[in-house]
Amino acid sequence: SSIGKKVYELVGLPLMPRESKVEVKVEVIPPRLIPPEMVIPTITAWNRLGRGHNNLYKFFMPIMLENGKNIEVFDALESYPMGTGKVGEAIYWLKDLKGDYRSGKIIQYLNGSRVKDGKPARWVHTEMKLENFNLEQVFWGINRVSTSDVVVIVESEKSAYLMTAALYLDEANRNELIGMCCGGANYDYRRIKFVASGSSNG
């Protein structure tokens with residue numbers, strides 16, 4: 001073109017071609033869910049075995065019995081979606097605001113401490129070898145939250161659990177805070193947005 005010729009004569013470079021607009025279609029893949037019939041048996045096992053089979057509970061039990069508040073603490077802790085594995089592991093089910101189960105994190109404890117064998121926490125969908133599983137995590141404990149609650153977000157599930165137990169041993173403050181956890185130092189900031197907006201996604 002004549003404009004291109006003038007630009008070339010002026011600077012010795014050809015005119016840069018105009019960028020063509022490319023429409024990019026992004027496919028939104030919905031999260032996969034764990035069927036309730038796979039979740040409920042792990043939670044009923046917790047109750048059927050008197051909770052003593054769960055190694056994390058074994059750590060909590062002396063504290064609750066010593067304070068004489070075990071019934072109240074049980075009520076609070078049972079609102080968290082926790083299951084029990086075959087050898088006493090804690091299964092932290094990620095239950096969203098719709099009541100759907102996104103997956104479950106499996107952690108073994110000994111004397112109240114996580115058993116660290118050099119391996120990361122196991123996930124239920126990985127253990128079940130579910131192919132093409134799209135995991136979208138939510139805060140563990142978000143199922144307990146309503147729009148008027150004040151929440152405290154901590155890193156580990158055990159910390160949220162301990163905080164809830166401690167609050168219920170303190171009658172004056174037991175209903176003041178709701179504990180949730182992000183499950184690690186690296187988490188998706190969108191989960192905070194969904195907590196603030198009351199959305200069931202994220």
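## Pockets, sheets and cores of a predicted chain

The largest pocket holds about 340 Å³ of space. Of the 15 residues that line this pocket, T42, G85, K86, I91 and I106 are the closest to its centre. A pocket here is found on a 1 Å grid over the protein atoms alone, as an open set of points where a 1.4 Å probe fits, with protein on both sides within 12 Å along at least five of seven lines, and lining residues have an atom within 4 Å of a point. Grid points are joined across faces, edges and corners, and the volume is the space filled by probe spheres set on the points.

The model is a predicted one, in which local features need pLDDT of at least 70 and side-chain atom pairs count only at pLDDT 80 or more, while totals for chains, interfaces and linings use all residues. Residues are numbered from 1 along each chain as its sequence is written, and side-chain values use heavy atoms, with hydrogens and water left out.

### The chain as a whole

The secondary structure of the chain comes to seven helices and eight strands, where helices (H or I, at least four residues) and strands (E, at least two) are DSSP runs numbered from the N terminus. Of the 202 residues in the chain, 37% are buried; buried means under 20% relative accessible area, exposed means over 50%, and partly exposed lies in between, with a 1.4 Å probe and protein chains only. Among the contacts in the chain with a separation of 6 or more, 63% are accounted for by residues 24 or more positions apart, a contact being heavy atoms within 4.5 Å.

The lining of the largest pocket receives at least two residues from each of α2 (36–48), β2 (90–95) and α5 (124–127), and α2 gives the most, with three residues. The second largest pocket is lined by 14 residues, and those nearest its centre are I107, R114, S156, E157 and G183.

The table sets out the volumes and the classes of lining residues; Ala, Val, Leu, Ile, Met, Phe, Trp, Tyr, Cys and Pro count as nonpolar, Asp, Glu, Lys and Arg as charged, and the others, Gly among them, as polar.

| Pocket | Volume | Lining by class |
|---|---|---|
| Largest pocket | about 340 Å³ | eight nonpolar, three polar and four charged residues |
| Second largest pocket | about 280 Å³ | four nonpolar, four polar and six charged residues |

### Strands and their pairing

An open sheet of four strands has the order β1-β2-β3-β6, with antiparallel pairing. The strands β1 (82–84) and β6 (122–123) stand at its edges with a single partner strand each, so one side of each is left without a neighbour in the sheet. Two strands are taken to pair if DSSP finds at least two bridges between them. Between the antiparallel strands β2 and β3 there are five bridges, and Y92 stands opposite K105 in β3.

Elsewhere, strand β7 (residues 151–154) runs parallel to β8 and is joined to it by four bridges, with C181 in β8 as the bridge partner of V154. In a regular strand the side chains alternate between the two faces of the sheet. From strand β8 (residues 178–181), I178 and M180 point one way and G179 and C181 the other way, and all are buried.

### Nonpolar cores

The largest nonpolar core has 23 residues, of which L56, M82, Y92, Y109, W140 and Y161 touch the most other members. To this core α3 (55–67), β2, α6 and β8 each supply at least two residues. Another core, of eight residues, lies apart from it and includes I91, Y101, I106 and F133. Such a core is a set of buried Ala, Val, Leu, Ile, Met, Phe, Trp, Tyr and Cys residues joined through side-chain atoms within 4.5 Å. Leaving aside its neighbours within four places in sequence, L56 is in contact with M82, Y92, Y109, K158 and Y161.

V124 is found in helix α5 and, at 8% relative accessibility, counts as buried. Apart from neighbours within four places in sequence, V124 is in contact with I34, I91, W93, S103, G104 and I106. The C-alpha atoms of V124 and V39 are separated by 9.8 Å, although these residues are 85 residues apart along the chain.

Most residues other than glycine have a negative phi. K129, which is not a glycine, has a positive phi of about 55°, and N132 likewise has a positive phi, near 50°. K129 counts as exposed at 70% relative accessibility, and N132 is exposed with a relative accessible area of 74%.
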